[in-house]
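I opened this model to look up one residue and its surroundings. My notes follow in the order I took them.

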Amino acid sequence: MTEDTLLRAGARPILRFERHLPRSIQDAWRAVTDPAEMRAWFPTRIEIAGGQWKAGARLTHHFDGHDIDPLPGTVLEWDPPHRIRFTWGTDTIGFELTPAPDGGTIFVLTEELSANAAARNAAGWDACLDRLQHGREREPWKVRFDRYTAELEPVLGHQDGPPTGYNDTTS
């Protein structure tokens with residue numbers, strides 16, 4: 001199951017991505033919240049002040065391997081093993097996990113972000129979720145970005161490309 005949706009348009013649209021993960025909710029929760037396991041799929045290395053996720057904890061998102069300054073963050077909601085919301089600079093990211101009937105997990109990622117970054121971030125999340133779900137990316141970032149730009153630009157306006165300092169080696 002793969003479902004990508006623009007939940008709300010406007011100055012701060014919300015993107016929603018849904019994936020079926022063939023693992024228990026406990027294993028999926030660990031994959032999406034353990035900083036060491038997140039390195040396999042999440043786009044930044046997350047540093048948690050105090051070393052523990054909890055509401056109010058300060059985060060730093062490091063873009064290792066790219067010439068991009070770290071982004072600050074804060075944990076807004078922490079409800080293991082079902083929900084976490086945190087900031088990523090000025091954006092808000094949420095993970096929601098629910099058990100699937102087959103014993104797997106339905107994983108939903110949402111991001112509230114600037115309208116002009118929607119296609120760029122959608123392409124990035126799509127690639128990240130491929131790594132989480134399948135262990136690899138199945139399509140280059142640029143192909144994804146072009147597809148999301150064609151879909152989102154008529155609704156949200158001009159879409160920015162990759163951030164300065166980002167080098168896409170997969171396109």
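**Contacts of T92**

I listed the contacts of T92 beyond four places away in sequence: L76, R85, F86, T87, T110, E111 and E112. I am working from a predicted model.

I placed T92 next. T92 sits in strand 7. Is T92 buried or exposed? T92 has a relative accessible area of 17%. The cut-off for buried is under 20%, so T92 counts as buried.

I then checked a distance along the chain. T92 and L113 are 21 residues apart in sequence, and I get 6.9 Å between their C-alpha atoms.

**The second largest pocket**

I looked up which residues line the second largest pocket. T92 is one of them, and the lining also includes R85, T110, E111 and E112. I noted a volume of about 160 Å³ for the pocket. By class, the lining holds six charged, three polar and three nonpolar residues.

**Strand pairing**

F86 in strand 6 stands opposite V75. Which way do strand 5 and strand 6 pair? They pair in the antiparallel sense, over four bridges. Three residues lie between these two strands, and together they form a hairpin.

I followed strand 5 to its pairing with strand 4. Strand 4 (residues 58-62) and strand 5 (residues 71-79) are antiparallel, with four bridges. H61 has L71 of strand 5 as its bridge partner.

Definitions and conventions
Residues are numbered from 1 along each chain as its sequence is written. This is a predicted model: local features need pLDDT of at least 70, side-chain atom pairs count only at pLDDT 80 or more; totals for chains, interfaces and linings use all residues. Side-chain values use heavy atoms; hydrogens and water are left out. On a 1 Å grid over the protein atoms alone, a cavity is a set of points where a 1.4 Å probe fits but cannot get out, and a pocket is an open set with protein on both sides within 12 Å along at least five of seven lines; lining residues have an atom within 4 Å of a point. Grid points are joined across faces, edges and corners, and a volume is the space filled by probe spheres set on the points. Ala, Val, Leu, Ile, Met, Phe, Trp, Tyr, Cys and Pro count as nonpolar, Asp, Glu, Lys and Arg as charged, and the others, Gly among them, as polar. Buried means under 20% relative accessible area, exposed over 50%, partly exposed in between (1.4 Å probe, protein chains only). Contact means heavy atoms within 4.5 Å. Two strands pair if DSSP finds at least two bridges between them.
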